[in-house]
Amino acid sequence: MRFSAIIPVLLSAAALILSFLCLFAGSKKGFMEGYAVVTLNTSQIGRSLFNTSESSDNPLVSFVDNITNSIESELQDTLNSFAQDLGLHDFYSAHLLDFCEGYFLPGPVTNATLEKSEISKNVTSCSNRTGMYHFDPRQTLQKELKASGHSEINVTDLDWPSEIDDGLHKLKVASNAMFVLYCIAIALMGVALFTALIGIFFEGRLAAFVNIVVDWLAFLAIGIASAIATAIAVKAAHVINHYGNDIGVSASKGNKFLPRKRFRNTMDWNAPDLNAWPTRLVLRVSKALRSNKQFTQASIDRNNVRAAERRAKQREEHARKHRYNARNSEDTAGAHQQDVNERGERDYSLFSQAETLVDNHDHTDMLHRLAHHDSFDSLVDEVGFKDKLRDPYFDSNAHPNALRPVSDKHEQMVKSLPDELWKHIAEYLNPADAACLAVSSKTLAEKLGSAPIEALNDPLNKHFKLSVLHFMNEDLPRHLLCFPCAKYHLRKHPGKETMKIDYVNNPLFLCPSAKTSVLPRMRLTPDRQLPYGWVQLALRARYSAAHGVDPETLSRRWRNAESGWNYRTRYMAHDGRLLMRVVSQRHVPPARMLTKTVERHILYEMQEFTPYFSVCSHWRDGELMNLCKCALSHVPSPPESYLQQLKKAPTIDRALAHPNFIVRGCDWCRPARRCPDCATEYLVEIQMVEDKKDPATPFKHSIVVTRWSDLGDGSSPYTSPEWAAMNGVHVPEHEGGHEYASFSHIGRRAVSGIFESSLSGSIPGQRMLSLNPKNEKLGEEGTLVLERHIELWDSRGALAGQHAVDAKIVLWVRISVAIVGHGRKLLNAQPI
Ligand SMILES: [Zn+2]
Ligand SMILES: [Zn+2]
Ligand SMILES: [Zn+2]
């Protein structure tokens with residue numbers, strides 16, 4: 001609610017009423033008679049006729065002759081009532097919708113006893129109201145003559161000048177325009193009143209803006225209409241006075257109805273009268289405003305206090321609205337000094353006492369503060385010494401394979417605990433961690449025995465065994481971990497491997513179970529696959545060139561001759577994970593020529609009914625195929641010349657002759673999409689692609705489906721979360737698997753963003769939406785899953801507390817977790 005908005009309401013209402021009054025002025029007898037556009041004075045009509053002495057066959061002249069003959073002596077007296085004798089009225093006042101007629105009282109002509117101010121108009125009747133009304137004096141007078149029984153007299157006989165008719169006829173268009181503009185203005189004022197009413201209830205700039213626009217339009221319309229009315233009145237009065245003078249007809253323009261007089265009044269104000277009340281009011285107000293009292297120290301202080309109170313109130317209001325606790329400025333650090341606000345800034349007022357940033361001007365102290373207090377050759381500053389201060393046993397920055405000193409003291413502490421306690425601790429760890437603990441030191445190996453290592457051979461613990469084996473990656477450059485066998489095999493051509501399509505006949509290593517197991521791999525496109533071994537090699541390249549292959553060398557380009565699809569792949573290692581981009585593209589016909597079948601043949605590989613372009617295993621769930629179809633529907637047709645169009649049908653369309661070839665897609669198909677179930681993103685576009693084989697039309701529209709995927713950290717095709725999610729592999733959590741929720745793993749940046757920014761330095765501008773909006777809440781569910789993990793951890797901790805013999809065990813569990821980390825690193829030196 002905004003109560004100040006009541007003012008425009010009142011003003012709009014007043015304007016509306018006034019405009020209505022303008023329009024309906026003179027619609028009733030005597031109603032606002034002074035507001036006529038122009039008044040025709042016919043009381044002296046025919047006066048010139050008395051000057052004719054010759055006889056004529058003009059019926060009027062003979063009529064006049066009769067009068068003059070019969071009452072010659074009263075000629076001068078009857079002159080006044082001559083028009084009345086003819087049946088005419090003294091005046092005719094033209095209004096917007098009609099005209100009124102009447103007599104001057106007590107008489108039309110001023111004389112010695114009658115002053116002009118004493119003459120008043122007495123309206124006897126008004127015509128019917130008509131829209132687009134145009135005042136035609138000749139027609140009106142003729143009607144009057146006929147009505148009074150003088151039908152034999154023609155207005156022309158009164159020497160009515162045809163110039164008046166011509167002059168008034170020219171104003172007809174203007175008067176029509178004036179009427180229409182008045183109507184528009186009244187309608188706009190109605191709208192303005194309505195919007196002003198709305199403005200009371202709706203705050204905001206839009207309501208105010210609409211109000212202002214409507215008000216201005218109404219103002220403009222009424223202004224123009226009034227200007228036209230002025231012009232009409234001036235012109236009509238001029239024409240009538242100019243040509244009608246000879247026959248005793250005159251006209252006066254209305255002056256109340258028109259803004260002219262008001263303007264004149266305003267102009268008078270240019271020379272102000274110092275004693276007039278408006279002048280005195282203005283002077284009084286300006287004196288109060290410019291009073292020197294406003295600038296005294298006391299009033300400044302008062303104003304500052306008031307401003308501070310207002311600010312505090314606003315802060316509290318804001319805090320209440322957004323539900324947080326407003327802090328006082330004293331609560332904030334560094335704000336304990338006087339005149340310092342909550343941001344640690346000093347409030348300075350132009351009129352307050354001059355202050356400086358330093359409270360006490362102790363220059364010596366200032367200089368001392370700038371000085372360096374420590375000795376420049378102190379031992380702490382030496383980098384080398386800092387290294388010596390690091391913990392030699394638990395330094396996480398140290399290289400995992402570096403030789404570490406053995407701490408006898410800590411070994412003794414580990415040894416001091418009974419074997420059973422250590423075995424109890426190992427039970428709390430998962431098989432992989434227990435094995436790592438068992439091999440982390442000689443002492444622990446003796447205490448735990450070989451049981452944790454042997455447990456890894458249990459088929460149920462296969463994934464834990466794989467994760468333990470994966471830790472040895474860096475130490476075995478010539479070997480590669482075979483996941484189906486859970487063994488390291490010797491690479492066939494270390495450092496010389498190239499990715500071949502026929503990966504079966506070109507294996508990376510010789511595996512005895514090659515024929516009985518399934519090689520972990522991923523489907524890229526209908527004719528290409530990516531074996532997991534290449535992900536391992538690409539990620540091992542970070543250790544040394546001997547360990548693997550550069551991810552860049554995996555990039556390929558190929559074409560599926562059968563379908564016409566082209567593919568480009570690119571790989572990139574980022575933050576220990578392999579990222580992949582697959583661009584699939586194909587020329588497409590114009591949308592007009594597409595049928596459902598053609599669409600299907602473009603997008604689907606018909607044998608397995610899978611998409612021709614690269615997809616993750618969840619493509620069926622989402623909107624991917626509909627996105628492609630939507631994109632296809634935006635492909636424009638080739639230009640059709642006007643002649644060609646005319647040959648088909650007798651219509652021409654500019655859009656058909658000059659189609660826009662840059663296809664941007666619609667709001668729905670333009671944004672990039674992210675699969676909610678795996679780390680894959682898609683972007684579907686229509687691009688102009690050059691076809692060098694076609695010299696006639698080298699540029700064709702192509703559908704381009706770009707897929708970005710995070711292939712994971714290469715730890716295992718079964719438990720690496722990204723890879724497993726993408727290929728639909730599910731390993732239960734108690735066997736070492738991980739759940740994957742795409743939107744909670746998206747982190748700070750999407751895969752496409754990371755990929756494109758490192759390749760081209762720019763991030764794709766498209767928005768990122770979910771590929772499967774029906775699962776839209778998965779983002780939230782993803783966080784729920786995470787919370788559940790934390791709860792699990794907490795309950796596990798509590799369990800440990802319940803089962804523990806004493807608090808010491810809990811302490812040792814924690815220590816053992818720390819040791820496990822070292823065990824993992826130490827393991828690298830001792831291959832199993
Ligand atoms: Zn094998
Ligand atoms: Zn679209
Ligand atoms: Zn997916």
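Donors are N, O and S atoms within 2.8 Å of the metal. The views below show a predicted model.

**View 1. Zinc ion (ligand 3) and its protein donors.** Cys616 (SG), His618 (ND1), Cys675 (SG) and Cys678 (SG) coordinate the zinc ion (ligand 3), at 2.0 to 2.4 Å. The angles subtended by the four donor atoms run from 105 to 115 degrees, which makes the arrangement tetrahedral. Along the chain the donors follow the spacing C-x1-H-x56-C-x2-C. His618 and Cys678 link distant parts of the chain, being 60 residues apart. His618 lies in the loop between β14 (610-611) and α22 (624-632), and Cys678 in the loop between β15 (672-674) and β16 (680-690). His618 and Cys678 are both buried; the relative accessible area of Cys678 is 0%.

**View 2. Zinc ion (ligand 2) with its four donors.** The coordinating atoms belong to Cys630 (SG), His634 (NE2), Cys666 (SG) and Cys669 (SG), at 2.0 to 2.3 Å. The arrangement is tetrahedral, because the angles between the four donor atoms are 103 to 116 degrees and the criterion asks for all angles between 85 and 135 degrees. The donor spacing in sequence is C-x3-H-x31-C-x2-C. Cys666 is partly exposed at 24% relative accessibility, whereas Cys669 is buried at 2%.

**View 3. Zinc ion (ligand 1) with its four donors.** Cys482 (SG), Cys485 (SG), His489 (NE2) and Cys511 (SG) coordinate the zinc ion (ligand 1) at 2.1 to 2.2 Å. The four donor atoms subtend angles of 98 to 118 degrees, so the arrangement is tetrahedral. The donor residues are spaced C-x2-C-x3-H-x21-C in sequence. Cys482, one of these donors, is buried, with a relative accessible area of 3%.

**View 4. The disulfide between Cys100 and Cys126.** The structure holds one disulfide. The S to S distance of the Cys100 and Cys126 pair is 2.0 Å, and the link is right-handed, with 100 degrees about the S-S bond. Cys100 is buried at 0% relative accessibility, while Cys126 is partly exposed at 25%.

**View 5. Strand β12 and its pairing partners β11 and β17.** Strand β12 (residues 577-587) has nine of its eleven residues buried, so the strand is largely enclosed by the rest of the structure. β12 pairs in the antiparallel sense with strand β11 (residues 565-574) over nine bridges. In this pairing, Tyr571 stands opposite Met580 of β12. β11 and β12 form a hairpin with two residues between them, and Asp575 in the turn has a positive phi of about 55 degrees. β12 also pairs with strand β17 (residues 699-710), in the antiparallel sense and over nine bridges. Here Val582 has Arg707 of β17 as its bridge partner.

**View 6. Confidence along the chain and two stretches of pLDDT below 50.** The protein chain has a mean pLDDT of 76, with 75% of its residues at 70 or more. The pLDDT is below 50 over residues 378-382, a stretch with four contacts in the model beyond near neighbours in sequence. Over residues 776-806 the pLDDT also stays under 50, and the model has 13 contacts beyond four places in sequence for this stretch.

Technical notes:
Residues are numbered from 1 along each chain as its sequence is written. Chains are lettered from A and ligands numbered from 1 in the order in which they are written. This is a predicted model: local features need pLDDT of at least 70, side-chain atom pairs count only at pLDDT 80 or more; totals for chains, interfaces and linings use all residues. Side-chain values use heavy atoms; hydrogens and water are left out. pLDDT is the predictor's confidence in each residue, from 0 to 100. Contact means heavy atoms within 4.5 Å. Buried means under 20% relative accessible area, exposed over 50%, partly exposed in between (1.4 Å probe, protein chains only). Helices (H or I, at least four residues) and strands (E, at least two) are DSSP runs, numbered from the N terminus. Two strands pair if DSSP finds at least two bridges between them. Donors are N, O and S atoms within 2.8 Å of the metal (3.2 Å for Na, K and Ca); water is not among the atoms, so sites may look incomplete. Four donors count as tetrahedral if all angles lie between 85 and 135 degrees; four count as square planar and six as octahedral if opposite donors are over 155 degrees apart and all others between 65 and 115; anything else is irregular. A disulfide is a pair of cysteine sulfur atoms within 2.5 Å.
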